[in-house]
Amino acid sequence: MADEPKEPKPPQVPTGEKPASSTPAVSTPPAKPADASASAAPPKPAAPVPPKPPVVLQTPLDNELVKRFRATLGAALFEAIEDRKQAILTVERARLVEIARYLRDEEKFDMLSDLTAVDWPKREKRFDVVLDLYSFAKNERLRLKVHAADAEEVPSVVSVWPAANWQEREVFDMFGIVFFGHPELKRILLPDEWQGYPLRKDYDILQQDTAWVRENLGIESGQ
């Protein structure tokens with residue numbers, strides 16, 4: 001009698017192991033830690049930033065130049081300051097020529113690089129006449145100032161620095177400041193017949209000498 005076919009036996013599973021399942025295992029996510037921010041105190045507001053100290057532009061000046069100046073000319077020096085590394089001396093108007101010669105001959109400020117004016121109409125002495133000096137020998141700059149009221153004349157420094165000639169004429173032309181001792185003080189930019197001084201603060205920006213414009217240009221002022 002022929003042998004009957006034997007059924008295949010299932011594979012043996014090692015002891016302690018489970019057969020692999022065809023269904024993938026579902027992993028459980030770990031529990032989230034408690035939100036610490038929910039229970040923490042709110043952050044403190046930032047401390048206010050203190051305001052910056054004001055910038056000091058002008059400081060008193062008492063360097064060797066100032067000491068020599070005081071020793072030589074005494075009360076002729078009204079004020080000595082430094083403004084953004086610029087030495088500025090305010091001096092007596094009546095002694096300007098004497099001071100200019102001292103600065104040229106003794107302190108070697110041999111060049112007048114600029115001469116101009118500033119109008120402060122609310123001040124009793126409304127004008128500052130400003131001289132910018134330069135020393136080639138010392139490579140140094142110095143600013144000189146004098147105060148003048150509306151009707152006060154300022155000594156001319158043409159005899160000390162000839163370059164002041166046209167610069168004083170321009171200040172006269174624009175501000176009406178008279179420099180006594182000037183060799184030929186007259187207008188340099190505007191016609192001689194022009195009325196008024198355009199760089200004074202009380203001279204309106206639209207103002208013109210209407211009579212001169214009408215006579216010389218044949219038009220009405222402002223056209």
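1. In this predicted model, leucine 131 is in contact with Leu112, Asp114, Leu115, Leu142, Arg143, Leu144, Val157 and Trp161, once its neighbours within four places in sequence are set aside. Leu131 also belongs to the largest nonpolar core, which has 40 residues, and it is among the members that touch the most others. The rest of that group consists of Phe69, Leu89, Val91, Leu103, Leu115 and Ile177. At least two residues of this core come from each of α2, β2, β3, α3, β4, β5, β6 and α4. Helix α3 provides the largest share, with 6 residues. As a general remark, nonpolar side chains in soluble globular proteins tend to be buried together.

2. The sheet comes next. Six strands form an open sheet in the order β1-β2-β3-β6-β5-β4, and the pairing is mixed. Strands β1 and β4 (111–119) are the edges, each of them pairing on one side only. From one strand to the next, the twist averages 25°.

3. At the β1 end, strand β1 (residues 58–60) pairs with strand β2 (residues 77–83) in the antiparallel sense, over 3 bridges. Alanine 80 stands opposite leucine 89 of β3. The two strands β2 and β3 make a hairpin with 2 residues between them, and arginine 84 in the turn has a positive phi of about 50°.

4. Which residues does leucine 77 touch, not counting those up to four places away in sequence? They are Val66, Phe69, Arg70, Leu89, Thr90 and Val91. Leucine 77 is found in strand β2. Its relative accessibility is 5%, below the 20% limit, so leucine 77 counts as buried. Threonine 90, one of the residues in contact with leucine 77, is 13 residues from it in sequence, while the C-alpha to C-alpha separation is 6.2 Å.

5. The pairing of β3 with β6 is parallel and extends over 3 bridges. Isoleucine 88 has arginine 143 of β6 as its bridge partner. Arginine 143 is also one of the contacts of leucine 131.

6. Strands β5 (127–135) and β6 (140–148) run antiparallel and are joined by 9 bridges. Leucine 133 is bridged to leucine 142 of β6, and serine 135 has glutamate 140 of β6 as its bridge partner. The hairpin of β5 and β6 has 4 residues between the strands, and in this hairpin asparagine 139 takes a positive phi near 50°.

7. Within α3 (residues 96–105), the buried residues are Leu96, Val97, Ile99, Ala100, Tyr102 and Leu103. The elements covering these buried residues include α2 (64–73), β3, β5, β6 and β7 (154–155). Helix α4 (residues 164–175) lies across β4 and β5 and runs at about 10° to β4.

8. The aromatic pairs number 4. Why is the pair of tyrosine 134 and phenylalanine 136 edge-to-face? The ring centres of tyrosine 134 and phenylalanine 136 are 5.0 Å apart and the planes stand at 85°, so the pair is edge-to-face, because planes over 60 degrees apart fall in that class.

9. Lysine 201 lies over the face of tryptophan 120, at 5.9 Å from the ring centre. The cut-off for that distance is 6 Å.

Key
Residues are numbered from 1 along each chain as its sequence is written. This is a predicted model: local features need pLDDT of at least 70, side-chain atom pairs count only at pLDDT 80 or more; totals for chains, interfaces and linings use all residues. Side-chain values use heavy atoms; hydrogens and water are left out. Two strands pair if DSSP finds at least two bridges between them. Buried means under 20% relative accessible area, exposed over 50%, partly exposed in between (1.4 Å probe, protein chains only). Contact means heavy atoms within 4.5 Å. Rings of Phe, Tyr and Trp (its six-membered ring) pair if their centres lie within 6.5 Å; planes under 30 degrees apart count as stacked, over 60 as edge-to-face and the rest as tilted. A charge sits over a ring if NZ of Lys or CZ of Arg is within 6 Å of the ring centre and within 35 degrees of the ring normal. Axes are lines fitted to C-alpha atoms, for helices over the stretch in contact, and angles run from 0 to 180 degrees between N-to-C directions. A nonpolar core is a set of buried Ala, Val, Leu, Ile, Met, Phe, Trp, Tyr and Cys residues joined through side-chain atoms within 4.5 Å.
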